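This briefing is meant to be read beside the sequence and the 3D structure, with time taken to find each residue as it is named.

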Amino acid sequence: WGFALNQRIKGKPIMIGQIAGAVAESGQVLLVNPANGDAVAPLQQIYGGVENNPVTDGVNMYIASSDQSIYAFESTTGQLLWRVRTQSRLEAQPTVHEGVLYQYVPSEGLVAVDTRSGTRLWANPDVAGTVIAQRKGELLVWDGTDAVLVDPASGDERERVALPGVRKIIANGFVDGELIVLSGNAALARFSSR
């Protein structure tokens with residue numbers, strides 16, 4: 001089967017249970033049954049595409065768009081649940097965990113949004129980057145230069161460590177999983193939580 005959209009898909013499609021979700025560069029939002037190619041819901045349209053990947057909590061699809069908005073779509077009906085407008089183009093990767101979506105917004109810093117209502121819970125203008133893991137109850141944020149621990153309830157910065165030479169950090173499990181660190185000299189290291 002095939003499904004034609006009016007522009008290509010840049011962000012990595014996601015699985016939401018048995019439904020696949022994707023966003024075209026034009027802002028078309030597709031929710032499809034990958035077994036047969038049938039659209040689960042009518043195509044939705046947002047005002048821009050994505051420079052990152054949509055995310056899911058297993059029920060809904062969340063999109064941080066280049067049109068300066070964060071969207072939540074219900075996966076089985078395609079219904080728009082909420083939209084949070086920002087003053088910046090959103091390019092950083094969003095993260096969703098335990099009912100909260102975390103998104104770096106250049107004009108506001110790291111922002112936490114309640115996934116049920118779209119309400120902003122907090123913003124920290126001093127923290128940039130992507131939430132990549134939770135370590136001992138605190139969020140681990142990586143901005144390409146610094147690793148920052150942030151309190152998930154308040155957004156307060158707990159600790160910041162500069163990691164010169166580190167190119168990428170990957171968590172193999174969001175909560176207290178091992179961290180895989182790739183350095184600029186092609187060295188790979190694995191760190192376990194203590």
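Strands β7 and β8 form a hairpin with 5 residues between them, and Gly-78 in the turn has a positive phi of about 75°. The structure shown is a predicted model, in which local features need pLDDT of at least 70 and side-chain atom pairs count only at pLDDT 80 or more, while totals for chains, interfaces and linings use all residues. Residues are numbered from 1 along each chain as its sequence is written, and side-chain values use heavy atoms, with hydrogens and water left out.

**Strands and sheets**

- Strands of a sheet pair through backbone hydrogen bonds, either parallel or antiparallel.
- Strand β3 (residues 28-32) is joined to β4 by 2 bridges, the two running antiparallel, and Val-29 stands opposite Gln-44 in β4.

**Salt bridges**

- The structure holds 11 salt bridges, a salt bridge being a side-chain nitrogen of Lys or Arg within 4 Å of a carboxyl oxygen of Asp or Glu.
- One of them joins Glu-108 to Arg-120, with the closest N and O atoms 2.4 Å apart; because Glu-108 lies in the loop between β10 (100-105) and β11 (109-114) and Arg-120 in strand β12 (residues 120-124), the pair ties together parts that are 12 residues apart in sequence.
- Another joins Asp-146 to Arg-160, with the closest N and O atoms 3.1 Å apart; Asp-146 lies in strand β15 (residues 146-150) and Arg-160 in strand β16 (residues 157-162), so this pair ties together parts that are 14 residues apart in sequence.
- Arg-160 also forms a salt bridge with Glu-157, where the closest N and O atoms are 2.9 Å apart.
- Asp-146 counts as buried at 14% relative accessibility, whereas Arg-160 is partly exposed with a relative accessible area of 33% (buried means under 20%, exposed over 50%, partly exposed in between, with a 1.4 Å probe and protein chains only).
- A network of salt bridges links Lys-10, Glu-51, Arg-89 and Glu-91.

- Gln-68, although not a glycine, has a positive phi of about 75°; Gln-68 is found in the loop between β6 (60-64) and β7, and is partly exposed at 33% relative accessibility.
- Asp-176 is also a residue other than glycine with a positive phi, near 55°, and is found in the loop between β17 (166-171) and β18 (179-183).

**The largest pocket**

- About 570 Å³ of space lies in the largest pocket, and among the 19 residues that line this pocket, Arg-135, Leu-140, Ala-147, Leu-149 and Leu-179 are the closest to its centre.
- The elements that give two or more residues to the lining are β14 (138-142), β15, β16, β17 and β18.
- On a 1 Å grid over the protein atoms alone, a pocket is an open set of points where a 1.4 Å probe fits, with protein on both sides within 12 Å along at least five of seven lines, and lining residues have an atom within 4 Å of a point; the volume is the space filled by probe spheres set on the points, which are joined across faces, edges and corners.

Technical notes
Pairing = 2+ DSSP bridges. Helix = DSSP H or I, 4+ residues; strand = E, 2+ residues; numbered from the N terminus.
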